[in-house]
Structure formats: structure tokens, C-alpha cells
Amino acid sequence: MAKNEQFVSQIADIETDFPQWYTDVVLKTKLVDYGPVKGTMVIRPYGYAIWENIQRELDARFREAGVENAYFPLLIPLSFMTKEAEHVEGFAPEVAVVTHAGGEKLQEPLVVRPTSETIIGHMFGKWVESWRDLPLRQNQWCNVMRWEKTTRPFLRTSEFLWQEGHSVYATGEEAERETFAMLRLYGEFAKTVLCMPVLTGRKTEKEKFAGAVATYGMEAMMHDGKSLQSGTTHYMGQNFAKAFDVRFTDKDGTLKYGYTMSYGVSTRLIGALIMTHGDRRGLVLPPPVAPVQVVIVPIAAKKEGVLEACRSLEARLKRAGVRAKVDDSDNSPGWKFNEWEMKGVPLRVELGPRDIENGKMTVFRRDTLEKDDGYALSDAETQIGELLRTICKDLYDRAERRMRERILTVHSPEELLDAVNRGNFARAGWCGERACEDRVKEFAQATARVLDENHTETVCLCCGKPAKHTVFFARAY
RNA sequence: CGAGGAGUAGCGCAGUUUGGUAGCGCGCUUGGUUCGGGACCAAGAGGUCGUGGGUUCAAAUCCCGUCUCCUCGACCA
């Protein structure tokens with residue numbers, strides 16, 4: 001017991017020192033390590049496997065929606081960036097630029113993509129000629145680079161992995177419709193795959209993507225009550241089409257600019273699920289993305305038949321489509337229990353001579369920390385499958401309830417400050433003026449995350465004028 | 001970019017105040033006993049103390065420079 005306490009103290013207290021808890025967890029569970037260059041991270045196999053699971057699930061949804069995958073170059077001519085005025089202004093401070101190559105200074109500097117609207121706009125301009133070419137809908141999985149001042153694994157790194165989807169439509173209505181559709185897709189994905197509730201909605205002008213007409217976001221509530229922007233979709237109108245000459249001849253024979261939109265989620269999602277579900281023992285991984293869904297720990301492994309029984313169960317579960325793994329290392333059972341709990345494996349099956357003799361298995365649930373030795377070994381596939389689904393639902397319900405309880409409607413900056421100080425989101429009326437938004441930020445260090453689609457508030461919390469929107473305010477990562 | 005903190009064995013740290021043969025825990029290797037909540041014994045391997053200069057008979061330790069990382073703020077997926 002004393003040693004177990006010592007183990008727990010290896011990671012910082014989640015309640016009193018959340019930032020340190022996060023750093024401890026991502027490093028000690030071997031999700032990531034720091035790279036040698038400031039702000040870079042190595043995504044280690046355990047972390048990358050989570051990303052691959054996210055990719056697989058999302059990619060299937062994109063395909064289902066009719067989007068094709070492609071790949072565009074990492075390097076973008078600097079001149080591309082300057083073609084869209086707001087875009088260059090927004091991204092200029094954080095782009096990395098290649099000025100030399102092949103031992104010589106380049107004629108034109110090349111930026112390492114911070115996002116690919118410009119180069120994809122350029123290519124789409126070449127490919128779109130007729131209304132028959134539309135819609136054009138492509139997605140790429142790639143890395144991007146944004147030279148951020150301060151960084152943190154998954155949440156903000158100089159280089160990160162993401163997907164960026166880009167579409168051109170003949171009409172603004174269609175492009176807008178896809179902007180909403182992708183936001184819904186992200187929300188559904190967050191719920192069913194990450195077991196994570198999110199708030200979705202339109203961003204304010206201040207918070208929107210550089211060069212967009214409108215930005216929509218999904219925001220997740222972290223354990224400490226701060227918000228994490230976990231995905232965005234952007235409606236560009238004709239801004240980028242005009243900058244990159246994306247034109248087509250319409251059915252009526254006239255030349256028209258297309259309407260574009262884009263959408264993306266990144267490895268930040270991994271940070272989001274860690275900070276949503278984690279607890280004092282470490283990670284709690286949602287079953288759909290957990291690299292190992294069931295770890296099988298042999299007890300008294302050298303006793304006859306124990307290891308064989310574990311291997312046989314592993315094979316059966318794998319056949320049933322469960323990511324199962326026997327931990328046959330030399331570590332003691334107690335060590336394995338703690339290690340895999342920290343690593344967030346949803347289910348642990350303990351198999352020892354006693355279980356085998358009774359035809360049972362002992363099952364431990366990571367999310368509830370409950371242990372039950374009453375499961376029949378003969379029926380393992382069904383029971384494990386059911387448990388994994390139950391965990392999914394329970395994780396979502398628990399997070400959803402917590403989020404719901406921690407959204408407080410407020411009516412003044414003072415109330416808002418108090419709400420966010422106590423780890424809540426604040427919901428409030430807003431007149432729509434930048435001045436009031438800025439005032440909230442200065443007063444409470446909280447920003448407008450998204451507009452509530454369910455607009456009910458009547459007056460602005462700052463100026464008392466009629467409210468044009470109801471806004472979710474929060475401190476954000 | 002501002003304010004703090006830290007660079008000593010794979011990891012975590014002590015040693016720096018007051019200069020004098022580089023240490024501890026974990027991990028690792030080998031052998032053995034263990035195994036139902038981080039087991040134990042024995043024997044080993046492993047370090048130009050971030051880096052450059054200076055002071056000194058002598059520097060991990062004092063001085064100057066420099067690089068990197070972490071945390072917190074301002075900016076951002």
C-alpha cells in the first residue's frame with residue numbers, strides 16, 4: 001500500500017496541479033517525448049497508435065461523405081501567402097521560412113505550410129474550369145508548422161499532424177452547407193469515438209480564421225474547466241477563390257468564382273481526450289481509440305496452464321475484433337496493474353490459477369476502478385464487447401454531465417469572472433460589439449468560444465444593450 | 001517576447017552556500033527465489049557534471065559569456 005501511494009505520487013495531483021499532471025502523464029505513459037528542437041515532440045508508438053485510430057475512424061467518415069484524399073507539398077512560395085490580405089496578416093507572425101537550399105540563397109523564400117489554403121487554392125484554380133468539375137472535395141493528412149511562442153505536447157507544438165479538408169462549390173449555399181455538415185461530423189466523431197462532449201457553434205469575428213467569412217468550432221471542456229478548441233470548419237466565401245483565380249464556366253455560359261470552405265482537426269484531439277477523461281491515476285482512454293483495449297495479466301504465470309490460458313483468451317478476443325494484449329513481462333502483477341492503469345487501458349483481465357479452476361476471469365474497469373471476478377471465461381468475447389460499449393457510454397455520460405453542470409448563465413462581467421474562476425464555462429448575452437468582447441477578456445481572461453445556437457439571452461452582459469447572440473465564454477488553452 | 005526555474009549515469013535527484021579522488025534511488029545486465037495491487041537476494045555495467053572562456057596548485061562548485069529545455073503570462077489548431 002505504501003508503495004502504491006508512492007506510485008501515485010509519481011504524477012502530480014490532478015486537482016491541485018493540473019498542468020503538471022498533464023505533462024507528467026503524457027511523458028510517463030510514453031505517448032510523447034520532447035524533440036531536440038524547441039516546441040517539437042516525438043509521438044511515440046503508444047501515442048501514435050491513438051492517432052492512427054483517430055485517423056482510421058475519421059477517414060472512413062470522410063470517404064463515406066464523398067471526400068477524396070490527396071497530398072499537397074510542404075513548401076509554399078512566399079508570394080502565395082500574401083495573395084489573401086487577412087490570411088497573410090493572421091499567419092505571418094508564426095510561419096517558418098526556408099531561405100536557403102542546395103547551398104544557395106533561394107530566389108523566392110518558401111514558407112513551411114502553416115495551413116494549405118493558399119497552395120490548394122492555387123492548384124484548385126488550375127483544375128476547376130467547368131461547373132462539371134464541381135464540387136471539388138479533397139482532404140489531406142499531413143504535418144503543418146506554426147512557430148508558437150509557448151508549446152505543450154499535443155496542445156500546442158511547432159509542428160503538428162492534422163487533416164485539412166478543402167472544398168470548392170459553385171454556390172455559397174452549398175459551401176456553407178458543407179461547413180455545417182463537417183462541423184456536425186466532427187461533433188458526432190467526438191461523441192462516439194472520443195466519448196467527448198463538445199459545444200459547437202459559430203466563432204466571433206475576433207476568433208475566426210484569417211481570411212474566412214465565418215468560422216465554426218467545436219470546444220471541449222477540460223478537467224480544469226478550461227476550453228480546448230478541438231476542431232474548426234471555415235466558410236471562405238469567394239475570398240480565396242478570387243485570390244487564386246478559382247473560376248469556372250457555369251451552365252449559363254458565364255465565368256464565375258467558386259466558393260470554398262475548409263475544415264481540420266489535429267493531434268490536439270489527443271490532448272483533448274487526455275484532459276477530458278484522465279484522473280489521478282493517469283490516462284483513461286476511450287475504447288475506440290485505445291491502442292490496447294484489454295490487457296490480460298497472468299497471475300503466477302509460471303504455474304502450469306496460466307500463460308496458455310492467457311494466450312488463448314488473447315487469441316479469442318483478437319478474433320472477435322478486440323485489441324487485446326497479454327502482458328507476459330517479468331514484472332510483478334502489482335506493477336503491471338499500476339502501469340496499465342496509468343496508461344489508461346479500458347479493461348484489465350486478471351487470470352490466475354484460481355480463476356482458471358473456476359472457469360472465471362477477473363475483470364477490472366479503468367474508468368470506474370471496479371473489479372469483478374464473476375465473469376465466465378467461456379463467454380469472454382460477448383462480455384468484453386459489452387463492457388467496452390458500456391465504458392464508452394459511461395465515459396461520455398460522465399463528461400457530458402460534468403460539462404452541463406459547469407455551464408453557468410451569467411449576467412455581468414463580475415459573475416462571469418467568478419464562474420470561470422471556479423472552473424466553469426459562462427453563458428451570457430452579447431451585443432455583438434468587439435469592445436464588449438475585449439472587455440470580458442481583459443476583465444476575466446476569458447474568450448468567446450462559440451455562439452450558442454440556442455440564443456435565449458436578451459441583454460449584453462457588459463453594456464446592457466439588447467443581445468444579438470448568446471455566447472459561451474471560457475478560459476481557453 | 002516578458003517573468004521565474006532547470007541542465008551532473010537511461011530516468012529522477014543530491015553534491016554548489018564554504019573549491020580538494022563524482023554520489024544516491026530507480027532502471028539496465030547476469031544468476032537464483034518469487035508472483036491475486038509497484039517482490040527479494042547476490043554480483044555487475046554505466047558519467048568529457050549543457051557548452052566556451054576566465055580565476056586557481058586544484059573547478060560540478062567561484063566569475064563572465066553562450067545554448068537548450070520546462071513552467072507561468074501576452075499571441076495561436
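**Exercise 1. Work out how many of the six residues of strand β21 (residues 425-430) are buried, and what follows for the strand.**

Solution. Start with the count: six of the six are buried, so β21 is largely enclosed by the rest of the structure. Buried here means that 20 or more other C-beta atoms, placed from the backbone, lie within 10 Å of the residue's own. Strands are DSSP runs of E with at least two residues, helices are runs of H or I with at least four, and both are numbered from the N terminus.

A word on the model: it is predicted, so local features need pLDDT of at least 70 and side-chain atom pairs count only at pLDDT 80 or more, while totals for chains, interfaces and linings use all residues. Residues are numbered from 1 along each chain as its sequence is written, and chains are lettered from A and ligands numbered from 1 in the order in which they are written.

Next, sort the side chains. In a regular strand they alternate between the two faces of the sheet. F425, R427 and G429 point one way from β21, and A426, A428 and W430 the other way.

Last, look for a neighbour. Strand β20 (residues 407-409) runs parallel to β21, joined by three bridges; two strands pair if DSSP finds at least two bridges between them. Opposite A426 you'll find L408.

**Exercise 2. Find which strands stand at the edges of the five-strand open sheet.**

Solution. Write down the order, β16-β15-β17-β18-β19, with mixed pairing. β16 (324-326) and β19 (370-376) each have a single partner strand, so one side of each is left without a neighbour in the sheet.

Now zoom in on β15 (residues 294-298): three bridges join it to β16, and the two run parallel. V294 stands opposite A324 in β16.

V294 and I296 are also among the residues with the most contacts inside the largest nonpolar core, which has 129 residues. Such a core is a set of buried Ala, Val, Leu, Ile, Met, Phe, Trp, Tyr and Cys residues joined through C-beta atoms within 7 Å. I296 touches, among others, C310, L313 and A324, where contact means C-beta atoms, placed from the backbone, within 7 Å.

**Exercise 3. Describe how helices α10 (residues 306-319) and α13 (residues 380-405) pack.**

Solution. Begin with the geometry: the angle is about 60° and the axes are 10 Å apart. Axes are lines fitted to C-alpha atoms, for helices over the stretch in contact, and angles run from 0 to 180 degrees between N-to-C directions.

Then name the residues: L313, R316 and L317 in α10 meet A380, E381 and I384 in α13.

Definitions and conventions
Contact = placed C-beta atoms within 7 Å. Buried ≥ 20, exposed ≤ 12 C-beta atoms within 10 Å, placed from the backbone. Lists of a residue's contacts leave out its neighbours within four places in sequence.
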